[in-house]
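Biologist: I am new to this protein. Please show me the model, and then I will ask about it.

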Amino acid sequence: MADEPRQTSEHELEQMPALRPAPILRLAADHLKQYDWPKTLNLPKSAFPARAAPADLARHRQKCANDLYTWQRTHRPVQDEFVLHDGPPYANGPVHVGHALNKVLKDLILRTELARGRRIHYRPGWDCHGLPIELKALQQAQTQQDETRSHRDVPPKEARAANGAGMSADEIRLRARELATATIEIQRSSFREWGVMGEWDAPYRTMDQDFEIRQLGVFREMVKKGLISRHHRPVYWSPSSGTALAEAELEYDDHHQCTAAFVKMPFVRLPNVLKDRDFMSTGKGSHRFSALIWTTTPWTLPSNQAIALGHDIRYSVIQAQAGQDKEYLLVASDRIEHVTSFLPIGATISAVEGLEDWPGSDLADGHATCLNVFQDQESPLLIAQFVTASSGTGVVHMAPGHGMDDYLVCQQNNVLTALAPVDGQGRYTAEVFPASSTHNKKLTGLDVQTAGVDAVLDVLSNAEKSWIQRKDVTPGNHIFATHAFTHKNPIDWRTKQPVITRATAQWFADTSALKGPAIESLEQVDFLPTSGKNRLISFLAGRSQWCISRQRAWGVPIPALYHAESGEACITDESIAHIIEMFHIRGTDAWFENAEDDPAWVHQSLEPGKWLRGKDTMDVWFDSGTTWTSLEPRSDDKAISDVYVEGTDQHRGWFQSSLLTHVATQDPQAKPKAPYAKLITHGFTLDAEGRKMSKSIGNVISPEEIMGASLLPPLKEKKQRSKHPTSANGKATGDTPKYDAMGPDALRLWVASSDYTRDVTIAIPLLQDVHNTLQKYRVTFKWLLGVLEDYSPSQSVGDNINDKPSFADEAVLHRLREIEAQVFEACSNYAFHRAVKEITNFVNNDLSAFYFEVCKDTLYTGLAADRRRTQAVLEEVLQRLMLVLAPATPHLIEEVWEYMPAALKQNTVHPMQRVWELNQKEGSSQQDADSTDLRSRLGTFRDLSMQVKFAQEEARRAGKMKSGLACSVEIHIPENTHSKPADHIREWAQRGELADLLVVSQAIIVEVGSTPKLNGNVAPAWRFEQVLMDWHQVDQRINVVVLPPTGAKCVRCWKYTAEEEGVSCEHCRNVLKEKGAP
């Protein structure tokens, strides 16, 4: 029987030379040279393009906007409908970034509500009537140029066009309708290109017959309630446009220049308290005593009807003397010094003893009057609350025909004449100077704001005896002083020309009866921002009237008839109902086209042949203010619309007119209700210089410039060559620069990134950031699709997120849940800029800079089980990232879904059809503790990683290393230190994750005082050290040391963990073995 093999003794083992692996590895290296190493890696594979082609974008848009809107109308519950009512843009030109801010913001809100599981309703609309469109149409008719695509308004041209160029009303209406129709098509195409969802094939248009009929129905209801009436009152009037204007149609010139004047208004009857004073016994009579007023509108002096004083203001009589001439003036005591500063050279002013500090209430006693030399009429002294002693003379000239404050005070004091001798073009009429036929002819026809000012001042400086018939008033110079003055003045929003206040016969809505219930209804309305509530209330409270009539052709006719002889207006309910029925049959154009004496328009209750149709049209704000009639009434107690969203200027425009008309039609005995449950306002778009973007200024940026990236630097020539034809010398053909167009999502992301509650600035650096962010999203999705190309969740049971997750897995999923919760909350509050900021930070910091760097080695070179575990994490990241980015970048998400591997689409719903629910349960005490612990560990890791990178950067600057893998790391922890950071680091080391977390080749913990170092006692070739934790005691300090790697570079994974150069590391050999390599 053969002998048993002898066992080698321990002594013999100790004496044997160490086994050298080099010869074996060299044989393996020779064998492994046959490998094509890149093919052994699991590199990302995806056909996802760098940019979507135009045809692809159109397909994605169809799916993510049109098809999605149609789908949700049938798949989401009718009882949970979210209604966003569209504030109609003017159909008078191409779109600009202001439109983009507005429309995309609305779409972000709609998509957010859709993601909450609600059924959304958004019917776009257009404001088709009004001055902006009529002037543009007239301008186009005169220039024969297509104005539908002009990005710049030209106010002077609009002003010249405003007279109608001799066209009839029906011709103007035809041209305006054609312009509005063509413009709507252009704007609608742009809005749809941005991916805005809605009922684009069935919008409401305020020029459509059904809308006009509903609008007239609101007017009729207001007439029945006594809320509509006709009065001769002062209104804002635009001479350049030839029509009355609403407050919302005004802009302001902060640097308007005018001639201001101190004017002496001679006393005819003295106040009783001054009748027997000694200063009047000089033998010269009262003709030398005047009330000194100051005005910035001398052209209104012919219309003077009263003089206003302040009730508690103290007044003094002063003596002004130049040579032998003396005169006495009444001024506020606090304004004497100011008046003195305008004295002519050589003149003096002194107070009259005993005639100082009279209260205005004593002087305005019902007896005192001054003379209006133009009308040869006496103007009483009245008390007015608006008089102050902080400007002028404290004595105010009142022309109730040219100022609403003056009008109200005069009406209260039975001064009922609102004289306004000014025509529609802003020129004096024959009523300007009845006291002198000669001067009347000279003034008649003069422009009141230019030549009229000079003419009035000239008349007053040379008052003649021939037209001053009062024996107690002496002719002479009634001008004390004039000077140039700059102040804020209203201008026409279209022509940019000065606006005057002029009393004319107009139709008014009674806002005094409406603003109380309107303000009450706002108690049930949410405002974003909250400051919008006070702003809207202040505008409502301060509104004295709403002039709803316009003297233009393009609008809804006011259904009023006028008696041919008396001029009496008829707006009986029967007459209005009859006219509305005629509009049903003939349309509103017939009101202007039919013969003037057409009896069909006159109700049978009226005497035939005696009534004529009026020519006034409705204020365009009445048009848009009744757009809520296009919404279906709700059966519950909800507001007719969940949200109104428009610019902050609409507090005095559409928000107000919608509220007033809606409240006006309600039962006055019921609790008033606003047409909106939530009111959201956004700011204006500003250029880089902080100026409001305006077509009039010409600083408008088109959305196409943002989508096409043409505002950014063009692509470099090298990139252009790769995409465009080249000539024989290798240069790109053509001189046209090429831009890195990112499409509509670039525009949408700019809106989503902006804090719309403030004015939004558009500057090149900001657009570049948006461009870079969108590019980062694309690259991230492309990489995720690539590494998940071979992943199938259904075949990875047991290899999922919960299968022994690494710290990196736990950390990124924790951050994903945190970010998603923050984004969910931000979107719930429509704070989209906060959501985008959180998402972008997550993509840049948590994904790119952390998890992707950590997991790439596992994905590209790791074992199958490790890869599947990591892919399970990344699939969750992909799904949630698509969900949170869907509102802002729907085209990108639709594109990602299209390229997503089929296996990933199984058992899941399209991200834009999914109901967004947070992927976390409300925290139990254990979950809260786990989250707290994870946050603590994340903090430790970030500090550790930062110090490692600092040390690596020092090594790079010293020329010791390039790749982060070309080093090893030692973390020196005092042996008895048990702080949380120390325990965290020890845990990662024990789990074998430390080197992967730091993305280095080796990493160990050196327990100072016991653990050997990586290089033993051999001094490393170089070392760089950073302090991680300094507890102010050397024996508790944690240091990070970066050293040369201890192994050779692996030919497959490139880690420095191979036994020698030219071979793979043990880990890679195990992977190859798993793959079936020999």
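What follows is a short exchange of questions and answers.

Modeller: This is a predicted model, where local features need pLDDT of at least 70, side-chain atom pairs count only at pLDDT 80 or more, and totals for chains, interfaces and linings use all residues. Residues are numbered from 1 along each chain as its sequence is written, and side-chain values use heavy atoms, with hydrogens and water left out.

Biologist: How many helices and strands does the protein have?

Modeller: Both are DSSP runs, numbered from the N terminus: helices are H or I with at least four residues, strands are E with at least two. The protein has 32 helices and 33 strands.

Biologist: What percentage of the residues is buried?

Modeller: Buried means under 20% relative accessible area, exposed means over 50%, and partly exposed lies in between (1.4 Å probe, protein chains only). Of the 1078 residues in the protein, the buried ones make up 54%.

Biologist: How are α5 and α7 oriented: roughly parallel or roughly perpendicular?

Modeller: Axes are lines fitted to C-alpha atoms, for helices over the stretch in contact, with angles from 0 to 180 degrees between N-to-C directions. Those of α5 (residues 131–143) and α7 (residues 169–193) come within 9 Å and cross at roughly 100°. Angles under 35 degrees count as roughly parallel, over 145 as roughly antiparallel, 65 to 115 as roughly perpendicular and the rest as oblique. Therefore α5 and α7 are roughly perpendicular.

Biologist: Which residues of α7 make the contact with α5?

Modeller: Contact means heavy atoms within 4.5 Å. On the α5 side, the residues include I133 and L138. On the α7 side they are I172, R175, A176, L179 and A180.

Biologist: Which backbone nitrogen does the side chain of T511 reach?

Modeller: T511 lies in helix α14 (residues 511–521). At 1% relative accessibility, T511 is buried. Its side chain comes to 3.4 Å from the backbone nitrogen of Q545.

Biologist: Is K960 buried, exposed or partly exposed, and what is its relative accessible area?

Modeller: K960 sits in the loop between α29 (925–957) and β30 (968–974). Leaving aside neighbours within four places in sequence, K960 is in contact with A955, W1022 and F1024. K960 is partly exposed, at 43%.

Biologist: Which residue is joined to P529 by a cis peptide bond?

Modeller: Most peptide bonds are trans. P529 is in the loop between β19 (526–528) and α15 (531–541). With omega about -5°, the cis bond joins P529 to L528.

Biologist: Is Y830 buried or exposed?

Modeller: Y830 lies in the loop between α24 (807–828) and α25. Y830 has a positive phi of about 60° although it is not a glycine. At 4% relative accessibility, Y830 is buried.

Biologist: Is W1054 buried or exposed?

Modeller: W1054 has a positive phi too, near 70°. Its place is the loop between β33 (1038–1043) and α32 (1066–1074). At 54% relative accessibility, W1054 counts as exposed.

Definitions and conventions: Polar contact = N/O pair within 3.5 Å; in protein donor to acceptor, adjacent residues only side chain to side chain.
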